[in-house]
Amino acid sequence: MGTKNVLNRRRLPAQVTVKRDNASAFMASLQGFSTGDTAESGRTLTQQEIEKLYRTNWIARKVCDLYAADMVSAGVEWDTDAETAALLEKEFRRLQVWSSLEQAVKLARLYGGSIVYLATAANATDKPLNPGEEIIGLRVFDRYEAKPDTMHLVSTGARLGEPQMYDITPVITTQQISADESRCLRFIGAALPASLAKNQDLWGDSVLQAMVNRIRIFDESTKGVGELMKHCYLRAIGIKDFWDSMADVGPTSSDQIAKGVLMMNQLQTLYGLTVMDNEDTFSTQSYSFAGVKDVLDQVGQQLAGACDIPLVRLYGMSPAGFSTGESDLKSYCSAILKAQESMLRGPIARTASQILSYNNKPTEGLDFKVVPLMPPTQAGRPTAAHP
């Protein structure tokens with residue numbers, strides 16, 4: 001007689017009792033806390049991430065906008081005769097030079113680079129700018145609209161090593177422009193070493209790149225404080241046989257408990273009464289916010305240090321304690337003045353020279369002085385020595 005292979009099967013009992021999990025509905029409404037952005041540290045932000053950060057975070061927006069506005073807010077004093085100075089002021093207002101420079105600095109800080117295109121009536125925009133050409137308008141493009149030709153660089157002059165040509169693809173219109181570097185005013189965000197700039201088409205970094213972790217920590221800290229405010233006063237109710245009711249084995253079902261808690265909440269809202277069984281317990285717990293302010297202050301100071309903007313300027317707040325904030329503002333204004341000299345002097349001088357050339361005015365010896373954000377006090381001004 002042949003043998004049969006019998007598969008050992010696991011038998012289920014004849015009757016299977018399935019209990020309804022009343023705790024599932026109770027837990028369904030509970031949400032865990034997010035651990036925040038898990039992006040790897042040190043990763044370069046993409047254009048989309050930078051734009052999202054700029055649109056959704058007020059710190060990121062202020063870091064770009066406020067700094068750029070301070071760079072051009074005070075203007076310059078022309079070191080020339082009154083007639084020439086008046087001409088330059090008039091043309092700068094007509095061409096909206098200051099607003100264009102502000103926008104260029106803002107986009108450079110946001111994306112890492114930008115250009116101001118000097119538009120003229122000439123069709124050959126890929127040729128060097130003729131001193132006799134009239135500037136009819138200025139237009140600002142960010143680094144993603146203006147792609148530089150990194151294979152051909154300027155070999156002489158003050159702009160040595162910069163790209164010779166830019167292929168501009170505007171986002172607003174479809175008209176493409178091939179612009180010679182003489183028609184472009186170039187701005188860099190956070191400057192990079194040559195080995196890194198080479199991978200960025202010779203542009204710099206966004207200023208948000210180095211401070212994005214501090215921004216996220218600041219957001220998480222303020223969110224945490226907001227959650228603490230929701231739970232700063234807790235009420236606890238001890239209900240007899242609560243866990244047995246969740247398992248549906250006790251004398252009272254979870255649905256009845258839910259109805260009882262709802263009725264208790266309504267009575268507390270309407271009449272301030274807390275009604276419960278004499279064997280139940282009721283307690284309250286308050287949270288102390290001691291130390292929270294110190295944590296937020298430390299995070300805020302790290303943000304201010306990361307963006308080189310003092311707290312009194314970044315937050316628009318009055319100094320606290322014994323500090324007047326004057327020393328912080330002086331340091332900030334000194335940093336702004338240094339940035340104006342390095343970033344704006346060349347573009348302002350080139351624009352002014354082109355305006356003077358078109359109007360048959362001499363450009364030799366043209367100079368100007370940047371007006372400081374914080375004028376020196378009377379005590380800080382030099383005084384003549386008395387005999």
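**Cores, pocket and selected residues of a predicted model**

The largest nonpolar core has 57 residues, and W78, F187 and L208 are those with the most contacts inside it. A nonpolar core is here a set of buried Ala, Val, Leu, Ile, Met, Phe, Trp, Tyr and Cys residues joined through side-chain atoms within 4.5 Å. Buried stands for under 20% relative accessible area, exposed for over 50%, and partly exposed for values in between (1.4 Å probe, protein chains only). With nine residues, helix α3 (residues 58-72) gives the most to this core. Apart from it lies another core, of 11 residues, with Y117, A179, C184 and W203 among them.

Residues are numbered from 1 along each chain as its sequence is written, and side-chain values use heavy atoms, with hydrogens and water left out.

Of the 387 residues in the protein, 32% are buried. Contact means heavy atoms within 4.5 Å. Among contacts between residues at least 6 apart in sequence, 68% join residues at least 24 apart.

F187 also features in the largest pocket, where F187, I188, A339, S342 and M343 are the closest to the centre among the 23 lining residues. About 640 Å³ of space lies in this pocket. A pocket is an open set of points on a 1 Å grid over the protein atoms alone, where a 1.4 Å probe fits, with protein on both sides within 12 Å along at least five of seven lines; lining residues have an atom within 4 Å of a point. Points are joined across faces, edges and corners, and the volume is the space filled by probe spheres set on them. Helix α12 gives the most to the lining, with eight residues, while α5 (97-111), β7 (184-188), α10 (292-307) and α12 each supply at least two. The lining divides into 13 nonpolar, three polar and seven charged residues, with Ala, Val, Leu, Ile, Met, Phe, Trp, Tyr, Cys and Pro counted as nonpolar, Asp, Glu, Lys and Arg as charged, and the others, Gly among them, as polar. Beyond four places in sequence, F187 touches residues that include L101, W203, M343 and P347.

Helix α12 (residues 326-358) also holds S334, which is partly exposed at 49% relative accessibility. S334 and L373 are 39 residues apart in sequence, with 8.8 Å between their C-alpha atoms. Q340 lies in helix α12 too, but is buried at 4% relative accessibility. Neighbours within four places aside, Q340 is in contact with D70, M71, V72, R345 and V370.

By contrast, Q176 sits in the loop between β5 (165-168) and β6 (177-180) and is exposed, with a relative accessible area of 61%. Its contacts beyond four places in sequence are I168, T169 and P170.

Finally, the cysteines: with a disulfide taken as a pair of cysteine sulfur atoms within 2.5 Å, the count comes to zero. For C64, the nearest cysteine sulfur, that of C307, is 9.8 Å away. C64 is buried at 0% relative accessibility, and C184 is buried at 3%.

Methods: This is a predicted model: local features need pLDDT of at least 70, side-chain atom pairs count only at pLDDT 80 or more; totals for chains, interfaces and linings use all residues. Helices (H or I, at least four residues) and strands (E, at least two) are DSSP runs, numbered from the N terminus.
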